[in-house]
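I opened this entry to keep track of what I look up. The notes follow the order in which I checked things.

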Amino acid sequence: MTAVQTVAGTVDSRDLGRTLVHEHVFVLGEEYRLNYQDDWDEDEKVEQAVRDLDELRSLGVDTIMDPTVLGLGRFIPRIQRIAERTAMNIIVATGLYTFNDMPHQFAYRGPGLMIDTAEPLTELFIRDLTKGIGDTGVRAAFLKCAIDAPGLTPGVERTMRAVARASVETGAPITVHTHSGSESGLVAQRILGDEGVDLERVIIGHAGDSADVDYLSRLADAGSLLGLDRFGADAFLPFQQRIDTLVELVRRGYTENIVISHDASCFIDFVEVESRDQIGPKWNFRHIPSDVIPTLLDAGVTERDIETILVDNPRRHFEGMKP
């Protein structure tokens, strides 16, 4: 048994139930929203999020992990309003989302920099995990960093090492946004491993954008969970290829290394509402329970495999956290 912090309180890891490991409630630039989002209606957006999450809950999903961190518009008071009104468990993260440079708040502060201090990122991440995010009383339960097509830039490496050190200090698991086309998941495993992270506590996010089962097998053989977590985002990889890849991984014996999700959101300002179908007409929270699971069962994946992927693997991801 491990106590897992959600926005609404602590939950026993055995009670997380069916868990989607990479879903966002909101993704937005708060500074942009405040200055330019003239049509923003806070109450309306909260209402829509409650409806979306309640619908997902009615389809048999109990928990979502929301990896919205610095750089993606994390604002916990808004999420608290939603968590108060839905039965869905919402687990939030700490970390920093950058593909390249360090935000100016940190660019000049840190070891060997103009203002030579201990790494402020690690300190902030640990505070979010152990004391709470701001004055909300909500603690993050996992860490998030990213490495995309630009590769291991200085800003990306610094962030990743800070995330790794916070994980080693607290026992919190990690989700890494990766770019499958450049196989950056392998780079992430190397850097995190260098810092002493247990790679079994790492989700290689967006690994499912690749149909290269040999690449995915290498990630899994190192112990990590494979984030097949963009179901519905057909622009990155079409639906049938995602299904075929998952089925082949199960056939090869990697069921205990698979977690799934959509990387969807209730609101995202990266994409105009009318353009979201260009990413995928079924890029929404309903796709996995309504379409993916029935298709997997038809393809020979068993009910027991589905429970392993949706229940057992996310639960193990959290077990072993330090008090």
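Predicted model: local features only at pLDDT ≥ 70, side-chain atom pairs only at ≥ 80, totals over all residues.

**Entry 1: a tryptophan in a loop**

Residues are numbered from 1 along each chain as its sequence is written, and side-chain values use heavy atoms, with hydrogens and water left out.

Trp283 lies in the loop between β14 (265-268) and α10 (287-298); helices (H or I, at least four residues) and strands (E, at least two) are DSSP runs numbered from the N terminus.

I then asked which residues Trp283 touches, not counting those up to four places away in sequence. They are Phe231, Gly232, Ala233, His262, Asp263, Ala264, Ile268 and Arg276, with contact meaning heavy atoms within 4.5 Å. His262 is 21 residues from Trp283 in sequence, yet their C-alpha atoms are 6.9 Å apart. The side chain of Trp283 also reaches the backbone oxygen of His262 at 3.1 Å.

**Entry 2: the core**

I looked up the largest nonpolar core, which has 100 residues. Such a core is a set of buried Ala, Val, Leu, Ile, Met, Phe, Trp, Tyr and Cys residues joined through side-chain atoms within 4.5 Å. Ile90 and Leu246 have the most contacts inside this core. Helix α6 (residues 154-170) gives the most to this core, with 6 residues. Leaving aside neighbours within four places in sequence, I found Leu246 in contact with Leu228, Phe231, Ile258, Ile260, Leu296, Val301 and Ile309.

**Entry 3: rings**

I counted 4 aromatic pairs; rings of Phe, Tyr and Trp (its six-membered ring) pair if their centres lie within 6.5 Å, with planes under 30 degrees apart stacked, over 60 edge-to-face and the rest tilted. Tyr32 and Tyr36 are a tilted pair, because their planes are at 40°, with centres 5.6 Å apart. Both lie in helix α1 (residues 30-36), 4 residues apart, about one turn of the helix. Tyr32 is partly exposed at 44% relative accessibility, and Tyr36 is exposed at 57%.

Phe26, Trp40 and Phe267 form one aromatic cluster. Arg78 lies over the face of Phe26, 5.6 Å from the ring centre; the rule asks for NZ of Lys or CZ of Arg within 6 Å of the ring centre and within 35 degrees of the ring normal.

Key: Buried < 20%, exposed > 50% of the residue type's maximum accessible area, 1.4 Å probe, protein only. Polar contact = N/O pair within 3.5 Å; in protein donor to acceptor, adjacent residues only side chain to side chain.
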